[in-house]
Amino acid sequence: METIKAVLFEPVGCLAEFRPDEFTVAAADLFGTSPNPEATGSQAYWHLLGLIEERAVSAESRIRLEQLELQAVEHADLYEDVRWSLEELKSLGVAAVLVSSLSRPAVARFIERHGLVDLLAGALDRDEAGGVMAQVVRSAIDQAGLDPARIMVLADTAEGLDMTKRLGLNAMLMINEYDEGRTLAERNPAGGIVSLAELPDALRLIEQRSGIRAPSRPPLAPFELFDPA
């Protein structure tokens, strides 16, 4: 594996614990279907994204969806090791980029609420990308101008891992629940972590194995950060 120059983070499940409530309501109200009642926040979110990708969403429904997403962001709990991990990535010269299928207002609020603007090289949302899931990631790759082999994507669901591999990127499994993590590991991600605090060391190991020593603190701006305000 080549030296990783950027890590793409979907905030839902990878940077913060989101409850399933708002995503379940959105799926039921806008599309007439709901995920498994025992679905986690991430699973409910990906269920909703699948519906958005398959079906047209009216202007009125988009407004309702944004409202629910903003509500979800307000109840999301940032993982305690996020700030330290992002600071470590920055010191390594690895661009941390928030790449999300959430709406632009929800992404902006997430960054603002948790004070992450100085720790991110950029952010991309579904409104800017013109689609969800793979469309957002493809847009991020195009904007970054990086070789996909040098990009790592954190994923905590089967859908996220499969999408990442289809796009030729390196998938790092974020293990939020032990039994689920064992099942997802069978999809052969590049590695797995149980805490974001493990990510910087994982990238250092990849660099050592690549035999390439990256220059210290290279430019960290493949994207322009928007003003969360």
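Which residues is Arg-126 in contact with, leaving aside its neighbours within four places in sequence? In the predicted model described here, Arg-126 is found in helix 7. Its contacts beyond those neighbours are Leu-65, Glu-66, Glu-69, Ser-100, Ser-101, Leu-102, Ser-103, Gly-131, Val-132 and Val-136. Arg-126 has a relative accessible area of 10% and is therefore classed as buried, the limit being under 20%.

The strands that pair in parallel form an open sheet of six, in the order 5-4-1-6-7-8. Strand 5 and strand 8 (191-193) are the edge strands, each pairing on one side only. On average, neighbouring strands of this sheet are turned by 25° against each other, direction ignored.

Strand 1 (residues 6-9) runs parallel to strand 6, to which three bridges join it. Strand 1 is also joined to strand 4, by four bridges and again in parallel. Leu-8 illustrates both pairings: its bridge partner in strand 6 is Val-153, and in strand 4 it stands opposite Val-97. On the other pairing of strand 6, four bridges link it in the parallel sense to strand 7 (residues 170-174). Within that pairing, Met-152 has Asn-170 of strand 7 as its bridge partner.

Strand 6 (residues 151-155) is mostly covered, with five of its five residues buried. In a regular strand, side chains alternate between the two faces of the sheet. In strand 6, Ile-151, Val-153 and Ala-155 point one way, whereas Met-152 and Leu-154 point the other way, and all are buried.

Helix 8 (residues 134-144) lies across strand 1, strand 4, strand 5 and strand 6, and runs at about 145° to strand 5. Helix 9 touches strand 6 and strand 7, and its direction makes about 165° with that of strand 7. The buried residues of helix 8 are Ala-134, Val-136, Val-137, Ser-139, Ala-140, Ile-141 and Ala-144. These buried residues pack against strand 1, strand 4 (95-99), strand 5 (122-124) and strand 6, and also against helix 7 (126-129) and helix 9 (158-166). Val-136, one of the buried residues of helix 8, is also among the contacts of Arg-126. After helix 8 comes Gly-145, which has a positive phi near 65°.

Two helix pairs were examined for their packing geometry. Such a pair is described by the angle between the two axes and the distance between them. Helix 2 (21-31) packs with helix 4 (residues 59-75) at an angle of about 165°, the axes being 9 Å apart. Because angles over 145 degrees count as roughly antiparallel, helix 2 and helix 4 are assigned to that class. Their crossing is right-handed. The contact involves Glu-22, Phe-23, Val-25, Ala-26, Asp-29 and Leu-30 on the helix 2 side, and Ser-61, Arg-64, Leu-65, Leu-68, Gln-71, Ala-72 and His-75 on the helix 4 side. By class, seven of the residues in this contact are nonpolar, three polar and three charged. Leu-65 takes part in this helix contact and is also in contact with Arg-126.

In the second pair, the axes of helix 5 (residues 82-92) and helix 11 (residues 199-210) come within 9 Å and cross at roughly 25°. Since angles under 35 degrees count as roughly parallel, helix 5 and helix 11 are described in this way. Trp-84, Ser-85, Glu-88, Leu-89 and Leu-92 of helix 5 meet Leu-199, Pro-200, Leu-203 and Arg-204 of helix 11. The composition of this contact is six nonpolar, one polar and two charged residues.

A further position considered was Pro-20, located in the loop between strand 2 (16-17) and helix 2. With a relative accessible area of 24%, Pro-20 is partly exposed. Beyond its neighbours within four places in sequence, Pro-20 is in contact with Ala-39, Thr-40, Gly-41 and Ala-44. Pro-20 and Ala-72 are separated by 52 residues in sequence and by 8.4 Å in space, C-alpha to C-alpha.

Conventions: Residues numbered from 1 in each chain as written. Predicted model: local features only at pLDDT ≥ 70, side-chain atom pairs only at ≥ 80, totals over all residues. Heavy atoms only, no water. Helix = DSSP H or I, 4+ residues; strand = E, 2+ residues; numbered from the N terminus. Buried < 20%, exposed > 50% of the residue type's maximum accessible area, 1.4 Å probe, protein only. Contact = heavy atoms within 4.5 Å. Axes fitted to C-alpha atoms, helices over the stretch in contact; angles between N-to-C directions. Parallel < 35°, antiparallel > 145°, perpendicular 65-115°, else oblique. Left-handed = near helix turned anticlockwise from the far one by under 90°. Nonpolar A, V, L, I, M, F, W, Y, C, P; charged D, E, K, R; others polar. Pairing = 2+ DSSP bridges.
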